[in-house]
There are 2 protein chains.
Amino acid sequence: MSDQAFQQVQNGSIVTPAGFQAAGLHCGLKKTERNDLGVIVCDVPAASAAVYTTNLFQAAPLQVTRESLNNGTLRAVVVNSGNANACTGQQGEQDAYTMRARTAQQFHLHEDDVAVASTGVIGELLKMDRLTSGIDNLAAATGNTAEHAEAFCQSILTTDLVKKEICVAVKVDGVTVHIAGAAKGSGMIHPNMATMLAFMTTDAKISSAHLHQLLRDTTDRTFNMITVDGDTSTNDMLVSMASGLAEHEELTPAHADWEAYAAGFCHVCEHLAQAIARDGEGATKLVEVVVNGAISDLSARAIAKTVIGSSLVKSAMFGADANWGRVIAAVGRAGEPVNVNTVDIRLGDIVVLTGSRPVPFDEDAALEYLKGDTVQIVVDLHYGEGSALAWGCDLTYDYVRINAAYRT
Amino acid sequence: MSDQAFQQVQNGSIVTPAGFQAAGLHCGLKKTERNDLGVIVCDVPAASAAVYTTNLFQAAPLQVTRESLNNGTLRAVVVNSGNANACTGQQGEQDAYTMRARTAQQFHLHEDDVAVASTGVIGELLKMDRLTSGIDNLAAATGNTAEHAEAFCQSILTTDLVKKEICVAVKVDGVTVHIAGAAKGSGMIHPNMATMLAFMTTDAKISSAHLHQLLRDTTDRTFNMITVDGDTSTNDMLVSMASGLAEHEELTPAHADWEAYAAGFCHVCEHLAQAIARDGEGATKLVEVVVNGAISDLSARAIAKTVIGSSLVKSAMFGADANWGRVIAAVGRAGEPVNVNTVDIRLGDIVVLTGSRPVPFDEDAALEYLKGDTVQIVVDLHYGEGSALAWGCDLTYDYVRINAAYRT
């Protein structure tokens with residue numbers, strides 16, 4: 001992707017694209033005083049698209065959002081944290097519909113203008129009295145300043161330590177178009193098809209169908225290439241809304257600026273995906289795995305995800321241990337074709353394996369490198385032309401601490 | 001499997017089956033004074049069979065053992081711990097051949113009578129001076145007492161905390177036949193096809209081909225159903241040797257006592273597999289996952305392995321947290337067909353989910369149960385007749401501690 005195609009917008013947020021407002025507040029679903037209810041609203045019907053988890057046990061909000069997206073437009077997406085509303089049966093479905101209806105009512109919208117998302121504990125019913133009171137306060141809290149965006153970003157977090165948000169600008173027909181995104185991640189992160197909760201806004205003029213196509217293509221190379229713990233959530237959802245308020249010719253793959261727009265779109269997704277990986281539960285660093293020379297891109301992705309998902313590799317990264325044996329063992333069990341005699345492995349710039357044979361390296365330099373907050377593992381298979389990038393994090397004491405006592 | 005078919009032999013060991021001797025000693029491959037070199041020797045040519053890791057990067061000893069097993073018989077298997085002799089190139093292959101030749105010489109055997117196994121760090125060359133000196137001392141250390149077996153069992157351990165050994169007796173034609181096994185496990189445990197290092201001895205009269213068939217069938221239901229961390233080693237190997245010294249008609253599937261023998265054989269494998277899971281790196285408890293009502297046994301196995309391999313489920317078990325949401329999320333991402341409305345989940349006898357809906361349960365009783373040293377998670381899909389058992393352990397601070405600093 002070309003860095004020239006887009007520019008990052010300093011202090012840009014989810015409400016930077018024209019037509020969008022946001023809000024976030026605390027309604028009492030989380031035990032602490034942190035925000036747990038948020039909304040993104042568009043002034044006009046926004047061409048919208050979404051991708052969802054492949055987990056068979058999909059939470060109630062996903063079903064409701066699918067329904068709302070049938071006509072390809074949305075005006076708002078309402079989201080709560082602290083409770084996933086998953087495995088909650090008919091009552092859970094009813095609650096998700098109530099959440100949608102109440103939001104539509106407060107913002108004077110049709111019900112099918114509203115998407116619904118939830119994240120948090122599985123299997124507990126939503127405290128609907130708190131939630132509906134919260135929704136009743138949302139409209140008054142909504143606006144298009146950085147503070148409003150910040151309140152929204154905070155409202156979607158669970159065990160996340162930092163908010164994840166980005167905005168880029170792209171020129172389309174000489175007009176500045178914005179693409180922004182916000183996400184939450186942290187645990188149960190091993191997206192397949194979609195990711196944790198992520199929301200994208202853009203003022204580009206683009207159809208729902210083309211937005212959906214762009215979303216799917218980009219997701220495969222970004223959100224679907226991260227893993228924190230190999231677990232795929234029941235609630236993963238990525239919703240993208242386009243207000244169409246930027247004054248340019250409609251974006252289609254035939255448009256001269258399509259590639260530039262797609263590059264900016266991809267950058268937003270990649271940034272959020274990396275931010276989710278870096279802020280994985282208990283993580284002290286971002287780990288990036290690069291696989292080159294695989295028989296195909298698909299094969300490279302499978303290998304990269306196996307390496308980034310290995311508990312032993314992740315533990316070694318936590319310990320800043322240049323234990324490349326675990327990397328090659330992961331490559332060998334990925335179920336993909338490799339030549340067992342031609343594998344090179346680098347840790348950053350430090351070559352540790354050439355032609356599948358150990359290379360003497362400076363252990364002190366490796367230790368120093370692996371202690372950094374971003375670590376790259378590069379595997380070159382010399383077998384084909386396929387390549388892939390995957391992102392994850394280290395496995396730490398804190399991951400265990402957080403997850404040994406999440407529900408209780 | 002019938003409990004009546006076999007009896008466990010108190011104080012039985014790897015040398016209880018007639019014709020077997022063993023030894024173990026410290027030759028200097030491990031930094032501490034623990035045993036790191038062992039041998040099992042048979043007084044007569046033993047019909048033998050083995051299964052191996054499916055990891056593409058197979059360690060040098062596996063190649064050598066395959067060669068020795070070409071004719072279906074072995075007289076000895078020599079094993080070192082502290083160094084896996086994996087990813088060590090031509091020198092590593094040469095070292096594995098030297099290890100075999102030196103052992104053959106010391107025990108006055110043909111080279112192809114000897115199998116070779118290694119476990120430990122990947123990518124470092126064996127200290128051959130220490131190893132060959134050790135081998136030269138092995139013959140004098142060999143015998144058929146419990147102490148000799150103990151020395152062998154200790155010699156194969158790495159990060160294991162306890163030895164794993166069992167012996168059962170079965171009647172074949174009214175004659176007592178013994179089946180014994182010893183194994184090492186602990187880390188990089190996610191066998192597929194074979195397991196970590198495991199060795200079985202028996203005095204039964206059985207051909208190499210039938211032993212191999214039995215070994216493959218049994219491995220699929222035992223060693224291949226355990227996971228500690230999802231990583232499949234480069235060195236997994238299970239070698240089984242039958243001295244044939246018990247005086248009965250040769251065992252074939254047509255023999256009246258075949259099922260009894262197979263049951264005893266399976267019990268030995270299951271015992272060792274469970275022992276490996278229970279002694280997983282950092283583990284505080286054995287976790288058993290039972291899946292019933294799947295569309296097939298194969299499907300049940302895939303689901304059981306997904307649940308037992310989930311870092312979130314494993315962390316919850318460490319925290320004694322009855323977080324069944326993570327169990328159902330794992331079921332839903334296993335890639336197997338389920339009816340999302342008919343899933344029951346029990347923790348031991350405590351029902352937490354019926355028809356995919358939460359059931360109120362006694363949290364104190366669940367906490368008490370999950371604090372135990374053996375925990376059972378039972379998933380009933382009500383979808384078909386397939387069932388499976390899988391074993392694993394909890395994910396703990398100690399797993400991270402051990403693996404953040406294994407190599408260094």
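1. A network of salt bridges links Glu67(A), Arg100(A) and Glu111(A). A salt bridge here is a side-chain nitrogen of Lys or Arg within 4 Å of a carboxyl oxygen of Asp or Glu. Side chains of opposite charge can pair when their charged atoms come close. By this rule there are 16 salt bridges over all chains.

2. On the basis of the note: this is a predicted model, in which local features need pLDDT of at least 70 and side-chain atom pairs count only at pLDDT 80 or more, while totals for chains, interfaces and linings use all residues. Residues are numbered from 1 along each chain as its sequence is written, chains are lettered from A and ligands numbered from 1 in the order in which they are written, and side-chain values use heavy atoms, with hydrogens and water left out.

3. In chain A, Glu150(A) and Lys163(A) form a salt bridge whose closest N and O atoms are 2.7 Å apart. Glu150(A) belongs to helix H4 (residues 146-155) and Lys163(A) to the loop between H4 and strand E6 (164-172), 13 residues apart. Helices (H or I, at least four residues) and strands (E, at least two) are DSSP runs, numbered from the N terminus. Glu150(A) is partly exposed at 28% relative accessibility, and Lys163(A) is partly exposed at 32%. The terms are set as follows: buried means under 20% relative accessible area, exposed over 50%, and partly exposed in between (1.4 Å probe, protein chains only).

4. In chain B, a salt bridge joins Asp136(B) and Arg102(B) at 2.8 Å, N to O. The pair links helix H3 (residues 128-141), which holds Asp136(B), with helix H2 (residues 89-106), which holds Arg102(B); the two residues are 34 residues apart. A further salt bridge of chain B is that of Arg278(B) and Asp373(B), with the closest N and O atoms 3.9 Å apart. Arg278(B) lies in helix H6 (residues 258-278) and Asp373(B) in the loop between helix H10 (363-370) and strand E14 (374-380), so the pair ties together parts 95 residues apart in sequence.

5. In total, 55 residues of chain A are in contact (heavy atoms within 4.5 Å) with 54 residues of chain B. Between chain A and chain B the count of salt bridges is zero.

6. The search of the whole structure finds seven aromatic pairs over all chains. Rings of Phe, Tyr and Trp (its six-membered ring) pair if their centres lie within 6.5 Å; planes under 30 degrees apart count as stacked, over 60 as edge-to-face and the rest as tilted. One of the pairs, Tyr261(A) and Phe265(A), is tilted, at 6.2 Å centre to centre and 40° between the planes. These residues are separated by about one helical turn because they are four residues apart in helix H6 (residues 258-278) of chain A. Both Tyr261(A) and Phe265(A) are buried.

7. Tyr397(A) and Tyr397(B) form another tilted pair, at 6.4 Å centre to centre and 55° between the planes. This pair crosses between chains, from helix H11 (residues 397-404) of chain A to helix H11 (residues 397-404) of chain B. Phe318(A), Tyr397(A), Phe318(B) and Tyr397(B) form one aromatic cluster.
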